[in-house]
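Reader: I would like to go through this model with you and ask, at each step, what the wording rests on.

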Amino acid sequence: MTYTTEHGDEAVTSHTLTVQERVRRLIHSRLGPDASVEFMEDLAGGYTEASVAKCDVASGGSPGLDGQYIVKTTPLTGKERQRTAHEHFIGALGTFTEQHVPKLVLSAEDDRFAIDLYEIAGGGLRGVHAAEVAGSAQFRAACETVSHDLLTAQLVSSTGRKVMTALEVLEAWLGVGFLDSGRGKALREARQLAGVDGPWFHLSGQVLPDPLSLLAEENELTLQDDIALLGVCHGDLHLRNILLDRTRQHHGSYWLIDVNWSSPAPLLYDQAYLETAAVLTI
Ligand SMILES: Nc1ncnc2c1ncn2[C@@H]1O[C@H](COP(=O)(O)OP(=O)(O)OP(=O)(O)O)[C@@H](O)[C@H]1O
Ligand SMILES: [Mg+2]
């Protein structure tokens, strides 16, 4: 695909566009050539291949977008678009997400990249910060409130129940073949270093089941079953994906960003994931 850059009429291929040129082009393709796009701040955390920025967009006459937004640019990899997961989450959790998930206002894609424009949580970046950098009282209160509110919304919109073995639940959450992935390998090494060699381990006087041994081989835990409630999960609920209000007026408000999963899964994954993220942060 060839394009003309905004600085002249030089033809360039899709491969040579900078992120900003690409975003401008995609926004123009949706809002028309008079739309203006100004990049204001780079926000990429560097943990994923997405590039994230704050930008100012004006539709230029026709009604549409006008103001500051978060623009997220992601390479098309054949994997599902984040937009799909976001829309699934919003569609299922209704009023919870109206208050707690910034709206997706525009999506577009070319042959290599997709962009998604989101409203800014809390109306402005100065008024919010990630739960990861909040003080301990705010941080603890936020983890409790988010876990509780999200679970309440998930239970109300639960899509069914099913008897599942512990192994089936773990595979639904982590994917079949997880142990052979990079993360699975790292966990196996950590397990070995910790001296865990069976389905149970001791920690602070407690005897706990070892989830890795469930995946590794059939044992007394593998086939234990129970009723699992199925529903919509966020899928990446760590402390950088929870934004908290730091103004006095809206103290206690929070927003969830970066939704990841678009298929129903056994509930409580998000709460367990958030608890693990919190333990690793404290
Ligand atoms: N809607 C939003 N409102 C305010 N800030 C946002 C919003 N979306 C993203 N951000 C900011 O941009 C950062 C990165 O966004 P996001 O989590 O969607 O991308 P990511 O690729 O997962 O980045 P990271 O590598 O930090 O996890 C967030 O940590 C947050 O600071
Ligand atoms: Mg993120």
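Author: The centres of domain 1 and domain 2, taken over C-alpha atoms, are separated by 28 Å, the bounds of both coming from an automatic or database domain assignment. This is a predicted model, in which local features need pLDDT of at least 70 and side-chain atom pairs count only at pLDDT 80 or more, while totals for chains, interfaces and linings use all residues. Residues are numbered from 1 along each chain as its sequence is written, and chains are lettered from A and ligands numbered from 1 in the order in which they are written.

Reader: What makes the two domains count as being in contact, and how many residues does each give?

Author: Residues are in contact if their C-beta atoms, placed from the backbone, lie within 7 Å, and the contact takes 16 residues from domain 1 and 21 residues from domain 2. On the side of domain 1 that touches domain 2, helix H2 (82–93) gives the most, with seven residues.

Reader: Why are S8 and S13 said to pair?

Author: Two strands pair if DSSP finds at least two bridges between them; S8 and strand S13 (residues 242–245) have three bridges, in the antiparallel sense, and therefore pair. Strands themselves are DSSP runs (E, at least two residues), and helices are runs of H or I with at least four, numbered from the N terminus.

Reader: What makes S8 and S14 edge strands?

Author: The open sheet has the order S8-S13-S14, and strand S8 (128–130) and strand S14 (254–256) each pair on one side only.
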